Amino acid sequence: MVPGLGGGYRERMTWMKEARNWRPTLHALAGLVAATGVGAVLALAVIVWLAAIWALVDWPVGGWGNAVLYAAAVLAGPVLLAWGVRGFGALQRARFRAVLGVEIPAPPRVAAVAGAGGWALWPVRAWQAPSTWRQLAYHLLTLVSGTAGGVLVVLCWSAPLLAVAYVAGGQADPGTGAGLGRAVGWGVLLAAAAVRVAPWVARSVAEADEVGARALLGPSRGEALALRVEALARSRAEVVAATDAERRRIERDLHDGAQRRLVSLAMQLGMARASLGDDVPASLRQVIEQAHDEATEALAELRQLVRGLHPAVLDDRGLDAALSGIAATAPLPVRLRVDVPDRCAPGVEAVAYFVVSEALTNVAKHAGASQAEVTVERAGDRLRVVVSDDGRGGASPEGGTGLQGLAQRAAAVDGTLNVHSPPGGPTTVTVELPCGS
């Protein structure tokens, strides 16, 4: 065992084990073919493009028809070159994946601008992207490194054949036995040395190529972080949607199951209580009355729990009707104004509903207010929720008054929360949510 990179340990690789690993050699050979092929195509494309520019500058030789053709070639050149650079980059990443089993992430795609004529701007956006220039740099680099590395690997493995050809070609003096012997000796020695180092040469060429490919064919550090942030935002949105769906399912199960049974039980106990005669023992009457009261209270608590999980009216009739229910049951007068002509995503509406509910609960518990006002309006792709009161003020998200929970709810869908609460009031809580989350 020998120490490896990073302080770890790996098994010492013998020549036989290295030679049996055919992947680096095959990768070098494939890189040689790819370097020559890609280089030839790119060079031909650049030559044709420059020739079209020169022909267009040299116009009017050839007439109007040729001028139009040359102009089209000049305009199409950057588009085809950008496609070629990115297409060859995908082929190179496929070579690493197929031969070495190395997965190199693709850089971010260059999307066309939305709207009519958006595809016409794709070449501009493609050449503005740093990833296009990095991939072009890799293709140009492999013209030298890929060709040199592939040729070196081929020479190392074919050294015995070259040695035999050298001796058979009469490079040594055939009339001198000593000269022929020296030629054979040197040929055998050089061939053995080349074959001896061939596996390590192939591995070194493959490792160097992998380093260059990861730096130039894959995303940069900034792009990788952006992709990571995008993936985290997408997974967070999926978690929020899954949580909201689970709350809906629990609400339906409780509404259709336990709540119906409690309603039936409360009704039966109520009918039994109403039908009790004067001859019923007082102890039995007391038990039935207590059971009816307990069932009624349990039903009220269950309804409150179901409403806290997810209000059915929010799905059926929208945010206006759901918030009207909150305002009607609030412990203080609430003036409500909802101006949302187009409904937002269900998860965003649920967050807005619970933000208003929790904010009014905080007002009733901590603000000492006599009234509150709730305004909900949609401006473009943003939903703006404002809850204000005439209380004592001094509220802060760090004060432990439930505002941290509101901020967390808003942040779950990439929303923001702002609190303005000077001492003496009034307090205004503003939440902005993206409608499409």
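This is a predicted model: local features need pLDDT of at least 70, side-chain atom pairs count only at pLDDT 80 or more; totals for chains, interfaces and linings use all residues.
The side chain of Glu373 meets that of Arg335 in a salt bridge, with N and O 3.0 Å apart. Arg335 belongs to strand E3 (residues 334-339) and Glu373 to strand E4, so this pair ties together parts that are 38 residues apart in sequence. Arg335 itself is exposed, at a relative accessible area of 56%.

A further salt bridge links Glu377 and Arg337, whose closest N and O atoms are 3.8 Å apart. Here too the partners lie in strands E4 and E3, so parts 40 residues apart in sequence are tied together. Both residues are partly exposed: Glu377 has a relative accessible area of 28%, and Arg337 has one of 42%.

Arg95 is in helix H3 (residues 63-100) and Asp209 in helix H7 (residues 177-216), so the pair ties together parts 114 residues apart in sequence. Buried means under 20% relative accessible area. Arg95 therefore counts as buried at 10%, and Asp209 likewise at 14%.

## The nonpolar cores

The largest nonpolar core contains 40 residues, and Leu319, Tyr353, Leu360 and Leu433 are among those with the most contacts inside it. Elements that give two or more residues to this core include helix H12 (319-329), helix H14 (403-411) and strand E5 (382-389). Helix H13 gives the most, with twelve residues. Leu360 touches Ile326, Val334, Ala372, Val374 and Val387, leaving aside residues up to four places away in sequence. Apart from this core lies another, of eleven residues, including Trp122 and Leu136.

The length of H13 can be checked: at 1.5 Å a residue, its 22 residues should span 32 Å, and its end C-alpha atoms are 30 Å apart, which agrees. After H13 comes Gly368, with a positive phi near 65°.

## The hairpin of E6 and E7

Strands E6 (residues 416-420) and E7 (residues 427-434) run antiparallel and are joined by five bridges. Thr416 stands opposite Glu432 in E7. Six residues lie between the two strands, and Gly424 in this hairpin takes a positive phi near 95°.

Thr427 lies in strand E7 and counts as buried, because its relative accessibility is 7%. Its side chain makes a polar contact of 2.7 Å with the side chain of Ser421.

Conventions: Residues are numbered from 1 along each chain as its sequence is written. Side-chain values use heavy atoms; hydrogens and water are left out. Two strands pair if DSSP finds at least two bridges between them. Helices (H or I, at least four residues) and strands (E, at least two) are DSSP runs, numbered from the N terminus. A nonpolar core is a set of buried Ala, Val, Leu, Ile, Met, Phe, Trp, Tyr and Cys residues joined through side-chain atoms within 4.5 Å. Buried means under 20% relative accessible area, exposed over 50%, partly exposed in between (1.4 Å probe, protein chains only). Contact means heavy atoms within 4.5 Å. The expected span of a helix is 1.5 Å times one less than its number of residues. A polar contact is a pair of N or O atoms within 3.5 Å; within protein, one must be able to donate a hydrogen and the other to accept it, and residues adjacent in sequence count only if both atoms are side-chain atoms. A salt bridge is a side-chain nitrogen of Lys or Arg within 4 Å of a carboxyl oxygen of Asp or Glu.
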